[in-house]
Structures are given as C-alpha cells and as structure tokens.
Amino acid sequence: MSRLLTQVARSHQPLPGRRLPLSRSVHPSASRLDAPTWPPPPVPQPAVTPSDAPPFPSRPITQPNSFWRAWANSASFQAALTTVVGLAMVFGAGVGYLEWYKHHVLHRMERAFAGGYDPALEISTLHTPDSSHIHRKEQPVIDSILRGDQAGGYYLMIGPKGTGKGTMILDAMRAVKAEGASVCEAHPDLEVFRLRLGKSLDFDYYEDWQGSLFSRADPRVGGPALDVERAMTKLEKVALRYARKHGRPLVLAFNNIHLFPNTPEGHAVLHQLQQRAEAWAEAGILTMIFSTDDFWCLDTMKKNASRMRILSVYDLPAHESISALGLLRRHALSHRLGIKAQDVELEGEDVLRGVYDMVGGRTSYLARVARADDMLAEARGMIQAEKGWLLSKVGLIPEMDDDVMDEQKWSSCSWLLLRHFAQQVPPLRPPGAPLAAPATSDGVDADADAAPTLDTVDGSELESHQGSGGDLIEPTQVNEDLDVSAVSYDEARRIMTRADFLEGLDHANSR
C-alpha cells in the first residue's frame with residue numbers, strides 16, 4: 001500500500017526545467033478537483049479473548065409468551081379492545097339511564113299528588129254559572145277522607161245520577177288544594193281509561209323510555225289490564241314514600257265506575273283496582289274512593305269487600321233544595337246581569353216551592369232550572385222530556401206484533417214497578433197548589449175558607465195560596481218534604497217478577 005502511494009506521488013512531480021502555467025493559481029489550501037477519493041481505512045478491532053467467546057454455538061433466544069405479546073401489539077387486538085371498551089361504556093350508560101328513568105317515573109308520580117295543580121280541579125275552578133256548588137250534609141265526611149283522616153278503608157259512593165257525588169269530591173280536593181289527592185274518570189273503553197289513569201298519575205307506561213327502541217315486543221301487548229297493573233305497582237312505591245314522609249295516606253278517586261263495561265273484562269279491571277284498595281287500606285298508605293250510579297258495581301265489589309264502606313247519596317230534602325235553588329238562581333242572575341249577587345231580586349218562595357214540587361231535590365235538576373229565564377216553564381219542559389223518554393223505553397203497545405214480544409215483556413214488568421210506586425203514595429197535588437194548612441185546636445182547618453188563586457203570567461199558571469190575612473205559605477209548609485215512594489232492590493225483584501230485567505232498567509235509569 002505504501003509502495004503504491006509512493007509511485008503515485010512520484011508520477012505527479014514536475015519535470016526539471018518546466019514551469020507551471022501562470023494561468024493556474026496555486027494555493028496551499030486549494031484541493032485538486034481531479035484527485036481520486038479513497039474510502040477511509042478500516043478501524044482495527046480489539047482481539048477476541050477466549051473468555052469472551054460463547055460456550056455454546058449461538059442460537060436465537062425465544063420468550064415463552066411471544067405469541068400473546070405479538071398479538072397484543074397487533075391491529076386485531078387494538079380493534080377488539082376498542083370494541084370491548086365501547087360496549088362497556090354503552091352498557092354502563094344504559095344501566096345509569098335505566099336507574100335515572102325509574103327515579104324519574106317515581107318523581108313524576110309524586111308530583112301528580114303535590115298540592116297546587118290538578119287537571120280535573122283546574123277545569124272546575126273556572127268562573128261559570130255552575131261554579132257555585134251546593135253544600136251537602138255528606139260534604140264533611142268527604143272532606144275528612146280527602147284530608148287523610150279516614151285511613152284503614154276505602155269508600156263506595158252510590159246514588160242516583162246528578163246528586164253531586166263528583167262535585168263533592170272536587171270541592172273536597174279544592175279545600176286541600178289537591179294535596180295528596182287525584183281523581184280519574186272511568187270510561188267504557190278500557191284503552192281510554194288506561195290513558196286517563198296515566199294522565200291522573202302522570203305516568204306514561206314506559207312509552208317514553210328510550211330502551212323501547214331496542215325492544216321487539218310492544219309494551220302494550222298485554223292489554224289495558226297489564227298497563228293498569230304497571231301503574232299500580234309504581235303508585236304503591238309512591239304511596240309508601242308519601243306515608244312515611246307525611247304520616248297520612250294518599251287519596252285516589254275513581255268517578256263514574258258504572259261506565260266500565262258490565263262484562264268480564266270490565267269486572268276484571270274493577271276487581272284489580274279493588275284488590276289494590278284492600279291491600280293499601282290495610283297498610284294505611286292509600287285510600288280509594290269509587291263513585292257509581294248503578295247497583296251492579298256494588299253487587300260486583302261486595303263479593304271481595306272486607307274494608308269497603310258505603311256512602312249513599314240521595315236527593316236533597318225540601319228545605320235544602322229550596323235554599324240551594326235560591327243560591328243557584330242568585331248566582332246565575334248575577335253572572336247574566338253583571339251585578340253583585342246580593343243585589344239580585346229573586347222570585348217568591350211560592351215559585352221556588354213550585355219548582356221543587358216538579359223537579360224534586362236532584363241537584364243537577366235544580367242547577368238546570370236556576371239558569372232558565374222562566375224556572376217553572378223549564379221545569380214543565382223537563383217533565384215532558386222525561387215522560388217522553390220513559391214512554392220510548394217502556395211504553396206499552398196494545399196491538400203488538402209477535403216480533404216485539406220480548407220487548408213488551410220488559411215494558412210490562414217495568415209498569416208493574418211503576419204502578420207499585422203510584423200506589424204507595426197519595427195522589428200528587430198540581431205544581432204550586434196550596435199545601436195542607438195546620439189544623440187548629442178544635443180540629444177545624446184554619447184556612448178552610450181561603451181558596452187558591454190563579455195568576456197567569458206569560459201564559460203560565462202560577463198558583464199561590466193566600467190565607468185569611470193575605471199571607472203567603474208559611475215557611476213550615478214551604479219546607480215540607482215530598483212524599484216520594486221507594487222500594488229496596490229485593491222488593492223490586494219480587495214486584496217485577498223478572499229479576500233479569502231489573503239490572504238493565506237500573507242502568508237505563510242512570511243515563
């Protein structure tokens with residue numbers, strides 16, 4: 001190598017006597033462009049000693065878990081890990097949403113029993129001619145039930161239509177501002193009743209649950225009975241919380257349960273509600289109130305009734321009816337004329353008594369007559385309308401065809417009952433006729449010489465009785481109750497001779 005370098009150096013030495021061209025500048029640091037380049041010389045390595053040599057021939061060393069480590073660093077493992085973490089997050093979010101939803105359902109149901117707003121109560125608070133209600137003697141009992149003072153039982157309010165059963169419940173709810181109370185209206189269609197029950201309890205039957213998007217089956221596949229059971233299950237938890245917090249039971253009223261179909265389906269829903277009422281009455285956490293116009297509801301619920309208490313609601317007596325009629329008339333005229341109620345001039349007591357003689361003490365009839373321009377004419381029109389309806393239902397056909405034989409059996413049995421009613425009481429006096437005057441000590445009628453006078457006003461006859469001094473009927477006579485006949489249910493069955501017709505007649509009478 002050194003010899004080669006020496007020869008190369010000699011070959012580039014200038015010849016003697018020759019000079020380099022002047023055009024080429026020579027500089028000690030200038031590098032030649034045509035000089036060949038050589039790789040750097042190899043670096044000497046240290047010698048290998050015997051102690052550094054391996055004792056055995058070298059071979060690749062493998063780890064025992066090399067496959068799992070390799071798979072852990074692979075793309076498939078990263079994809080699987082991402083999937084598992086995502087599913088775990090979705091599962092955790094689903095569990096959290098389910099727990100929140102359950103709490104939210106109970107919170108909404110508790111809010112339905114909170115004081116202040118109630119859908120049924122809000123509608124009844126509008127200032128209309130019917131906004132003034134009649135205070136009945138049964139009202140304090142209903143008030144104590146709505147306040148939660150009557151724990152340990154549930155109640156069935158039964159009476160004719162229009163006697164004020166639902167109005168008393170609403171008035172009691174208004175007194176407590178709907179605190180711990182709610183009301184639900186019955187309906188012949190059980191699907192509609194399901195929606196009304198959900199509205200009164202602020203319960204949507206899990207229809208707003210987002211988990212139903214992943215459910216294949218319809219949550220209402222079980223029918224209205226299953227939804228009612230779901231609502232009752234949630235209501236039981238709310239009633240337990242409320243009783244522990246406030247020390248009083250909740251109150252849930254079902255109005256007009258006779259509207260339920262008188263079929264096995266309707267009986268099943270009624271028994272379903274009654275079973276809950278029995279259990280909750282025993283625990284003292286919730287009191288139910290059922291109101292009905294028909295007897296079949298009592299007959300159906302009587303079989304399983306252990307803690308049921310019955311409240312019978314009848315027509316008002318004479319003094320309460322006349323006082324209520326005057327109050328309703330005063331409010332109606334005040335609303336119509338736009339003046340204060342105390343400034344309204346009412347008709348005389350003879351007119352009020354004449355109205356009572358024709359329509360009786362039914363609160364719905366009194367409210368209807370009080371809104372009319374001529375109360376006596378309105379009462380006569382109501383009598384004619386009821387008479388026409390009665391004849392359309394049970395009117396007898398002297399020369400009937402054989403095809404209507406069954407219908408005439410119904411009519412004849414009904415007239416047997418009507419005849420018994422007419423035979424029980426003395427003949428009714430004409431509307432507005434004078435009442436019997438009290439007898440004197442010698443047994444002679446004090447007003448025997450006085451005769452009734454007929455005053456015609458706008459073509460209608462108003463009868464007024466004047467005594468010897470020209471005075472009108474005494475208050476004791478004005479407040480005399482009507483002698484209205486009545487029979488029990490078992491007596492009616494014997495009188496009609498066809499017990500199967502009685503239930504249908506009772507249902508038609510409560511229209």
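This is a predicted model: local features need pLDDT of at least 70, side-chain atom pairs count only at pLDDT 80 or more; totals for chains, interfaces and linings use all residues.
**Entry 1**

Residues are numbered from 1 along each chain as its sequence is written, and side-chain values use heavy atoms, with hydrogens and water left out.

**Entry 2: the overall tally**

I noted 18 helices and 7 strands in the protein. Helices (H or I, at least four residues) and strands (E, at least two) are DSSP runs, numbered from the N terminus. Of the 511 residues in the protein, 33% are buried. Buried means under 20% relative accessible area, exposed over 50%, and partly exposed in between, with a 1.4 Å probe and protein chains only. I then turned to contacts, meaning heavy atoms within 4.5 Å. Among contacts with a separation of 6 or more, 75% join residues 24 or more positions apart.

**Entry 3: aromatic pairs**

I applied the ring rule: rings of Phe, Tyr and Trp (its six-membered ring) pair if their centres lie within 6.5 Å, with planes under 30 degrees apart counted as stacked, over 60 as edge-to-face and the rest as tilted. The count comes to 9 aromatic pairs. One of them is Y154 with F290, edge-to-face, at 6.3 Å centre to centre and 80° between the planes. This pair links distant parts of the chain. Y154 sits in strand β1 (residues 154-158) and F290 in strand β4 (residues 286-292), 136 residues apart. Both Y154 and F290 are buried.

F203 and Y205 make another edge-to-face pair, at 5.0 Å centre to centre with 65° between the planes. F203 counts as buried because its relative accessibility is 4%. Y205 is also buried, at 3%.

I picked F254, placed in strand β3 (residues 250-255). F254 has a relative accessible area of 0%, so it is buried. Which residues does F254 contact, leaving aside its neighbours within four places in sequence? I listed C184, F193, L197, L273, M288, I289, F290 and S291.

**Entry 4: S200 in α7**

S200 belongs to helix α7. With a relative accessible area of 8%, S200 is buried. Leaving aside neighbours within four places in sequence, I found S200 in contact with A112, S182, V183 and C184. C184 is on the contact list of F254 as well.

**Entry 5: positive phi**

I checked two residues other than glycine with positive phi. K177 has phi near 60°. K177 lies in the loop between α6 (165-175) and β2 (181-185). Its relative accessible area is 61%, so K177 is exposed. D202 has phi of about 55°. D202 is in the loop between α7 (190-201) and α8. At 22% relative accessible area, D202 is partly exposed.

**Entry 6: two helix pairs**

Axes here are lines fitted to C-alpha atoms, for helices over the stretch in contact, and angles run from 0 to 180 degrees between N-to-C directions. Angles under 35 degrees count as roughly parallel, over 145 as roughly antiparallel, 65 to 115 as roughly perpendicular and the rest as oblique.

I took helix α3 (residues 75-112) and helix α8 (residues 224-246): their axes come within 10 Å and cross at roughly 70°. α3 and α8 are therefore roughly perpendicular. K102, V105, L106, M109 and E110 of α3 meet A231, K234, L235, K237, V238 and R241 of α8. I sorted these residues into 6 nonpolar, no polar and 5 charged. Ala, Val, Leu, Ile, Met, Phe, Trp, Tyr, Cys and Pro count as nonpolar, Asp, Glu, Lys and Arg as charged, and the others, Gly among them, as polar.

I then took helix α14 (residues 375-394) and helix α15 (residues 405-424), which pack at about 130° with axes 8 Å apart. That angle makes α14 oblique to α15. L390, L391, K393 and V394 of α14 touch E407, W410, S411, S414, W415 and L418 of α15. This contact divides into 6 nonpolar, 2 polar and 2 charged residues.
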